[in-house]
Amino acid sequence: MTAHEFITRAAEARLQVSRIADPQAGPRRAGAARAGMAALSIIIGLASPATSQGLQPDTITRPSLNFFGATGLVDMPSAQMQPDGELNITVSHFGGITRNTLSFQITPRLSGSFRYAATADWNSDGFETYYDRSFDLRYQVLEEGRYWPSVVIGLQDFVGTGIYAGEYVVASRRFGTDLTLTAGVGWGRLGSYNSFGAPVSGTRPTFDPNSTGGELSVDQWFRGEAAFFGGLEWRPTDRLGFKVEYSSDAYRPETGRGVFTRQSPWNFGVEYQVNDSLRLGGYYLYGSELGLTAQLSFNPARPPSGGLRQTAPPPIVPRPARAEAPDAWAQTWREIPGIDTTLADRLRAALEAEGQTLIAYDIRANGVEIRVENTRYLATAQAIGRTARVLHATMPLSVETFRIVLMDQGLALSTVVLRRSDLEALDVAPNAAEALRAVTGITAAAPTDPEDLVAELYPRLSWSLGPYTRTSFFDPENPVLLDLGLRLRGSYELQPGWVVEGSIAQRLAGTLDRARVSPSRLPPVRTSLPLYEGNDSPVIETLTFAHYRSLGDDIYGRVTIGYLERMFAGVSAELLWAPVDSRLALGAEINYAIQRDYDMLFGVRDYDVVTGHLSAYYRFDNGFRAQLDVGRYLAGDLGSTLTISREFGNGWRVGAFATLTDASAEEFGEGSFDKGITLSIPVSWFTGRPSQQSVGTTIRPVTRDGGARLSVPGRLHDRVRQGQIHRIDDQWARVWR
């Protein structure tokens with residue numbers, strides 16, 4: 001039986017059970033069940049089918065997930081943790097309740113989740129189907145040892161309306177490799193059945209389905225009645241697992257509205273690991289309901305392609321000893337007419353074969369300095385290594401010092417200095433990458449001298465034509481909206497740092513124009529987005545003229561004018577101070593923005609605003625980065641945005657942000673303040689082929705006008721940091737690849 005057939009038959013069985021318990025349940029719940037099954041089918045379709053190959057060791061030891069998408073049993077949490085960096089997508093359905101959860105293992109001990117749930121047959125408070133968004137955090141305070149269990153403290157739905165709000169302290173202990181016991185104490189939802197009292201004084205607020213949500217519910221944490229929960233998981237084989245649990249969730253909001261009937265606190269489940277990414281589960285819950293889950297897991301360290309597949313780099317053939325071939329080492333080649341042009345042409349062709357564009361060069365008897373732009377490799381260190389090999393293969397024997405200046409659209413990022421003799425000596429040495437880094441210098445780069453530019457390189461034109469998708473999530477009336485179309489992109493670089501670029505899009509089909517235009521107490525700088533999405537004629541997404549410049553002393557500048565984004569035109573100016581060897585960078589940006597007409601052509605509306613921010617960027621260890629932006633937003637509100645992200649060596653990036661401004665929660669509306677999750681995955685992780693492209697998205701629980709920032713193409717920090725020492729060091733292991 002295929003996975004899709006399994007899901008379909010289980011859904012039919014679930015409806016049959018519902019009809020037996022309630023003759024009217026089938027028609028009433030069929031829509032919600034089909035929606036849940038459709039989501040499960042989509043997840044299954046994304047995963048590769050099962051093969052005869054065995055599972056990876058980390059798959060066998062990886063803990064399973066519960067119906068909330070967190071590490072746990074059936075509906076209750078456990079104290080285990082996922083592998084560091086694990087990203088899980090879970091779709092679960094039972095009793096008319098469908099939950100879609102994105103979870104990320106932020107550090108080995110800290111994990112977070114974002115959940116979007118739909119409860120069918122709510123039929124009260126003005127909702128037929130109740131949609132809810134919620135966030136979780138869990139922290140492992142004690143790792144499992146020889147004589148003690150692991151212990152986790154968790155906050156469930158701590159920013160939201162509070163329908164799933166609960167806190168817990170839970171312990172788990174493994175016995176052998178196949179049995180895990182879990183026991184815990186829960187509050188809120190997790191303390192609502194068979195409670196033993198309130199260990200902590202204080203009154204817990206009740207759930208309000210009409211709340212705008214979005215605010216931290218600190219006043220309810222670990223307050224009110226508490227109850228015990230627990231269970232066990234048994235894995236007799238690498239792929240098969242069984243679960244039994246005692247739940248402390250009484251499901252009062254759902255049972256009180258007739259969503260389903262809770263007859264027992266006991267839940268039972270069986271799960272099957274289809275392959276390294278996909279796990280399916282079937283369950284019997286609360287004495288009355290059948291349930292299903294699909295769990296899809298990813299990890300930056302576990303690419304589906306098995307790793308990068310690429311051509312081998314050019315070999316490093318050691319030069320003959322000077323005493324053995326003194327003529328070859330002579331510097332008389334400098335006297336050959338036109339030798340610089342000849343060498344540059346050969347160098348340029350060899351670099352292009354490695355995805356590097358030669359911008360400028362200065363060839364001397366003992367050393368060479370070149371300026372190159374990396375167009376292929378995601379890891380700057382790999383581009384450095386390939387460039388150094390090309391220099392070794394093309395330069396006369398007397399050229400000992402290689403100075404490689406990293407460039408990005410006119411910005412000189414940093415200078416990497418290597419000795420040719422070090423490349424020859426360390427190519428096959430033990431710990432070759434670390435040894436080469438020890439003798440490699442990385443310093444600031446001077447601005448480019450126009451007289452050194454490669455002849456006939458400028459102006460440069462590049463363009464692309466391809467499909468696009470645009471999505472919108474979490475609209476209460478239309479939870480998932482999607483547009484499909486074609487996009488034409490173009491870039492015309494007149495000289496280094498002088499760029500005209502833009503994109504034209506043609507919508508072919510979609511539903512984004514069905515999104516609601518939300519009422520707002522602030523200027524409609526984002527809530528009017530649906531009015532921009534109904535164009536069936538070609539639209540100008542962006543059309544800008546920009547200048548980027550290295551100003552010296554670790555300072556970079558940018559000026560951009562034109563149609564900056566889909567909703568706003570204007571002019572933007574930015575300065576960035578970013579020393580090549582510093583973890584800290586500081587920036588300032590000021591913009592004058594004018595709202596565009598809904599047809600997204602050349603017209604503008606009568607709303608304009610001056611907006612801008614002061615920004616601080618800091619790089620922590622283990623790939624963590626923090627960005628703080630303080631300033632004025634598009635609706636005229638004043639405030640700040642804090643973004644925390646983690647970036648892995650292969651280019652994966654997961655982050656979260658929150659914006660607080662002087663716009664009150666009432667003015668902001670649903671959600672209370674702007675917040676969200678960002679995800680970016682390099683295309684090379686999927687394909688195994690070198691590429692600088694990535695796919696990603698920003699998940700906002702709700703889009704409102706407060707805290708809305710202008711989207712300006714080509715902001716400086718993400719460009720400049722590619723040439724900074726800490727970023728290069730993160731990827732240095734690839735320098736020989």
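Asn194 sits in the loop between strand S7 (179-188) and strand S8 (226-234); strands here are DSSP runs of E with at least two residues, helices are runs of H or I with at least four, and both are numbered from the N terminus. Although Asn194 is not a glycine, its phi is positive, at about 55°. Asn194 is exposed, with a relative accessible area of 55%; exposed means over 50%, buried under 20%, and partly exposed in between, with a 1.4 Å probe and protein chains only. The model is a predicted one, in which local features need pLDDT of at least 70, side-chain atom pairs count only at pLDDT 80 or more, and totals for chains, interfaces and linings use all residues. Residues are numbered from 1 along each chain as its sequence is written, and side-chain values use heavy atoms, with hydrogens and water left out.

Tyr286 also has a positive phi, near 55°, and is a residue other than glycine. Tyr286 belongs to the loop between strand S11 (278-285) and strand S12 (289-298). Its relative accessible area is 0%, so Tyr286 is buried. Another backbone feature is the cis peptide bond from Tyr458 to Pro459, with omega near 0°. Pro459 is in the loop between strand S17 (441-443) and strand S18 (460-473). Most residues other than glycine have a negative phi, and most peptide bonds are trans.

The protein chain as a whole has 14 helices and 30 strands. Its radius of gyration is 29 Å, close to the 27 Å that the globule rule gives for 737 residues, so the chain is as compact as a globular protein of that length. That radius is taken over C-alpha atoms, and the globule rule is 2.2 Å times the number of residues to the power 0.38. The C-alpha trace spans about 95 × 65 × 50 Å along its principal axes. Of the 737 residues, 53% count as buried. Among contacts (heavy atoms within 4.5 Å) between residues at least 6 apart in sequence, 60% join residues at least 24 apart.

His613, in strand S25, counts as buried at 3% relative accessibility. Leaving out residues up to four places away in sequence, His613 touches several residues, including Glu589, Asp629, Arg632 and Arg709.

Next comes the empty space. Rolling a probe the size of a water molecule over the atoms shows where such space is left. On a 1 Å grid over the protein atoms alone, a cavity is a set of points where a 1.4 Å probe fits but cannot get out, while a pocket is an open set with protein on both sides within 12 Å along at least five of seven lines; lining residues have an atom within 4 Å of a point. Grid points are joined across faces, edges and corners, and a volume is the space filled by probe spheres set on the points.

There are ten cavities of 30 Å³ or more, and the largest cavity has a volume of about 200 Å³. Its lining has 17 residues, with Arg619, Arg625, His717, Arg721 and Gln724 nearest the centre. Strand S25 (604-619), strand S26 (624-632) and helix H14 (725-730) each supply at least two of the lining residues.

The second largest pocket holds about 820 Å³ of space. Of its 32 lining residues, Phe135, Leu137, Ala656, Phe657 and Gly676 lie nearest the centre. Among the strands that each supply at least two residues of this lining are S4 (130-142), S28 (653-661) and S29 (674-682).
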